[in-house]
Amino acid sequence: MTGMKLRQMIVLGLETSCDETAAAIYDTASGLRGHCLFSQVETHAPYGGVVPELASRDHIRKLMPLVEAVLAQSGVRPDELSGVAYTAGPGLVGALLVGATTGVGLAFGWGIPAIPVHHMEAHLLATLLEPEPPGFPFVALLVSGGHTLLVEVRGLGMYKILGETLDDAAGEAFDKGAKLLGLPYPGGPQLARLADQGRPGRYALPRPMRNKPGLDFSFSGLKTALALQVRDNGGISALDSGARADLANSYQEAIVDTLVARSCRAIESTGHKRLVIAGGVGANRLLRERLRDGLSRLGATVYYPRTEFCTDNAAMIAFTGCLRLAAAPEAFGDLHVTARPRWPLEELRP
Ligand code: KG4
Ligand code: ZN
């Protein structure tokens with residue numbers, strides 16, 4: 001773990017904040033014991049986005065079977081568990097309630113604490129699950145479907161937001177761009193794959209906020225610029241597959257370029273030497289390459305969670321729950337069910 005001396009703790013983590021149902025077990029003595037995930041992508045694909053009510057219903061169907069599977073997979077008995085951690089927010093309220101009520105119910109039944117976990121804090125800390133984790137302090141670039149944040153992380157619960165998006169999140173920019181290019185939901189990874197087949201530099205797209213001071217982001221102008229490019233070329237059906245790939249390439253380049261420029265500036269302005277990537281867009285190959293190159297020029301190092309822990313997962317929830325339980329065991333005694341669709345990261349305390 002992170003240098004702390006602790007009695008052994010084993011925590012079950014549950015994640016149900018959006019369209020992934022997941023369960024995992026983290027053990028302070030031996031690390032991650034098991035993790036299972038069910039993705040609802042196919043449920044939502046026909047609708048072109050996540051349908052909250054369908055998400056809640058799917059979580060209800062899948063969560064308990066995943067809990068049983070992860071207990072079997074890890075060989076952990078319920079009486080060995082120290083606590084049950086669940087994602088308490090931010091997220092879709094109905095989806096959160098499934099994990100929260102299940103988590104509190106299991107904890108009550110097993111006579112152990114229930115630990116409400118902040119989903120974004122868990123993303124920020126996911127890299128600490130890796131074999132060579134970064135030490136504190138670090139700067140985190142949190143890029144998901146709902147958030148684009150640069151955060152200074154000085155320790156558990158010590159977060160300062162350095163910059164954030166003024167409009168769309170980076171993942172949202174990928175997803176909306178994908179839609180404009182006629183790609184099916186979920187578009188981000190598909191746009192990335194198409195972009196990798198395209199040629200660079202064929203289409204000129206803007207770099208919003210590039211020359212503005214500060215560390216905020218904006219992506220909605222870029223999306224509009226893409227829509228205009230598609231229109232000016234006669235609409236998506238008039239573009240052949242080569243042109244679509246080239247357009248995807250220029251679009252991905254513009255998003256990545258913006259994220260890398262801002263991240264480098266955050267490293268320069270804080271003087272920290274570690275950048276941690278979190279959230280689904282962190283799975284993007286070009287972003288990873290460019291950040292590694294950009295940061296090495298600044299004498300800084302970039303850290304990533306493995307790809308499956310960039311996107312939503314329960315391993316990060318079990319791990320964060322463990323850290324929280326270890327830091328304040330007395331704080332999690334009651335059986336209050338916490339579900340907070342909105343929950344600012346900066347409200348968290350050490
Ligand atoms: O963190 P995450 O799994 O869910 C939340 O939003 O909380 O992030 C999902 C986002 C989606 O917008 C998805 O399109 C994007 O991450 N994403 C990617 C890639 N993989 C996932 N965007 C670009 N390139 C990828 N390889
Ligand atoms: Zn997430």
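Two strands pair if DSSP finds at least two bridges between them. Strands (E, at least two residues) and helices (H or I, at least four) are DSSP runs, numbered from the N terminus. The model is predicted: local features need pLDDT of at least 70, side-chain atom pairs count only at pLDDT 80 or more, and totals for chains, interfaces and linings use all residues. Residues are numbered from 1 along each chain as its sequence is written, and side-chain values use heavy atoms, with hydrogens and water left out.

**The sheet**

- Strand E1 (residues 10-15) and strand E2 (residues 20-27) run antiparallel and are joined by six bridges.
- Leucine 12 has isoleucine 25 in E2 as its bridge partner.
- Five strands form an open sheet with mixed pairing, in the order E3-E2-E1-E4-E5.
- At the edges are strand E3 (31-39) and strand E5 (114-118), each of which pairs on one side only.

**The helix on the sheet**

- Helix H10 (residues 315-327) packs on the sheet and touches E1, E2, E3, strand E4 (83-89) and E5, where contact means heavy atoms within 4.5 Å.

**The cysteines**

- The whole structure contains zero disulfides, a disulfide being a pair of cysteine sulfur atoms within 2.5 Å.
- The sulfur of cysteine 264 is too far for a bond, because the closest cysteine sulfur, in cysteine 310, is 18 Å away.
- Cysteine 310 is likewise in no disulfide, and the nearest cysteine sulfur, that of cysteine 18, is 16 Å away.
- Cysteine 264 is buried, with a relative accessible area of 13%; buried means under 20%, exposed over 50% and partly exposed in between (1.4 Å probe, protein chains only).
- Cysteine 310 counts as buried at 0% relative accessibility.

Note on methods
Chains lettered and ligands numbered in written order. Axes fitted to C-alpha atoms, helices over the stretch in contact; angles between N-to-C directions.
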